[in-house]
Each structure stands twice: as C-alpha cells, then as structure tokens.
Amino acid sequence: LAKLTTDYDQVQAQIRRASPQYAALVQPMPLTLEEIQKKVVDADTLLLEYSLGEEKSFLWAVTPDSIKAYELPNRAAIEPVARRVYESLTARNASVSKETIEQRRRRLELADAEYAKAAANRSQILLAPVAAELKNKRLLVVSDGVLQFIPFTGLPDPAAGDSRPLVADHEVITIPSASVVA
C-alpha cells in the first residue's frame, strides 16, 4: 500500500510538471489565506466556508482584510435539520401512489410549514454567527457534506429580522472551493 501511494504521488507530480494547466484544472492547489484575500474576495464579497466535524464544526468568514472563525455544533446536530430542509424542499417532486389531490395538498402544506421551521433553524445555526458581516455583500459559500444539498439562497437572512430569504438582499454563489474560483 505504501509503494502504491508513493507511485501515485509520483504520477501526480509528473502530470503537474508535464501539463500544469491540466493539473490546475483537475487538482487545484489550495490557496493561502493571502491568495484568497487577493484573488477571490473583494470589498463587496464575503467568503463563507463550512467544515462539518464529528466533535464540532466550523465556519470561516473571509474578507479582503480579515478572517473570522466560528464554532458550530457538530455534524450529528447539523445533519438532521439539513435533511429536513432538503426533504421538505423536494416534497413536491415526490410521487405517492394512490394519493388524492386533497392528500397531496395537505402533504405539501405540511412540507411548506416544515421547510419554514427547518430553514429558520438552519439559518440560525449556519448564518446567525456572521449576521453582522453579511450587510449587502455577495456571499461565496463553500459548504461541506449534507450542506451541499441546502440552497443557501432560500435560507432566511438572520440580519433581516423577518423570514425574507438571503437572495432578496444578497447575491449568493455556491462554489466547490476558493481555489476553483481563483
């Protein structure tokens, strides 16, 4: 296994040397904080990067001149509510056999009510720590795990004080990583 790992690393190094453009496309090198601040964010942009962990999770908020880290609940606390958001959003796509129109209407009303509660909960956990930073900024969101299935655009803006979605006041862009944007 060690020999195969070494061989693999050597092949990757050869690819990077032989074709740096291809290597940059398929294996982007992680950027340093300084590179992210110069190449990815500007005065009107806030990068939000999430990392879900077994013991605790984290959110990093990056601007051109600062980085702030916030501790979030662990993966086990975040995932169930994120799944509820996803399931309530996709309820309209579900096809339930022998469901009457009235049953479907009730099911969708329940899903809509569940979405409102779950999205508000998710917003409090994921966005409330950075509510003061949001202002009228463009948000670049790098999510992790089950958060990749959650449309951040539809989460309530914790700074707005009502249930208005983030997209009403912000351009929200989900990205795979800051390195890809650069």
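**Starting from one loop**

Guide: Let's begin at lysine 98, which lies in the loop between H4 and helix H5 (101–126). Those labels are DSSP runs numbered from the N terminus, with helices being H or I of at least four residues and strands being E of at least two. Keep in mind that this is a predicted model: local features need pLDDT of at least 70, side-chain atom pairs count only at pLDDT 80 or more, and totals for chains, interfaces and linings use all residues. Residues are numbered from 1 along each chain as its sequence is written, and side-chain values use heavy atoms, with hydrogens and water left out.

So what's going on with phi at lysine 98? It is near 60°, a positive value in a residue that isn't glycine. Most residues other than glycine have a negative phi. Lysine 98 counts as exposed because its relative accessible area is 82%; the scale is buried under 20%, exposed over 50% and partly exposed in between, using a 1.4 Å probe and protein chains only.

Lysine 135 also has a positive phi, about 40°, without being a glycine. You'll find lysine 135 in the loop between helix H6 (131–134) and E4. With 55% relative accessibility, lysine 135 counts as exposed.

Next, the aromatic rings. A pair of rings is described by the distance of the centres and the angle of the planes. Here, rings of Phe, Tyr and Trp (its six-membered ring) pair if their centres lie within 6.5 Å, and planes under 30 degrees apart are stacked, over 60 edge-to-face and the rest tilted. This structure holds three aromatic pairs. One of them is phenylalanine 58 with tryptophan 60: the centres are 5.8 Å apart and the planes sit at 25°, so the pair is stacked. Phenylalanine 58 is partly exposed, because its relative accessibility is 28%, and tryptophan 60 is partly exposed too, at 29%.

Another pair is tyrosine 86 with phenylalanine 149, edge-to-face at 5.7 Å centre to centre and 65° between the planes. Tyrosine 86 is in helix H4 (residues 75–89) while phenylalanine 149 is in the loop between strand E4 (138–142) and strand E5 (172–174), so this pair ties together parts 63 residues apart in sequence. Tyrosine 86 is partly exposed at 37% relative accessibility, whereas phenylalanine 149 counts as exposed at 51%.

Let's go back to phenylalanine 58, which stands opposite glutamate 71 in E3. How do strand E2 (residues 57–63) and strand E3 (residues 66–72) run, and how many bridges join them? They run antiparallel, and seven bridges join them; strands count as paired once DSSP finds at least two bridges between them. The link from E2 to E3 is a hairpin through two residues.

Our last stop is glutamate 49, in strand E1 (residues 45–51). Glutamate 49 touches Phe58, Leu59, Trp60 and Val142, leaving out residues up to four places away in sequence; contact means heavy atoms within 4.5 Å. That list includes both members of the stacked pair, phenylalanine 58 and tryptophan 60. At 29% relative accessibility, glutamate 49 is partly exposed.
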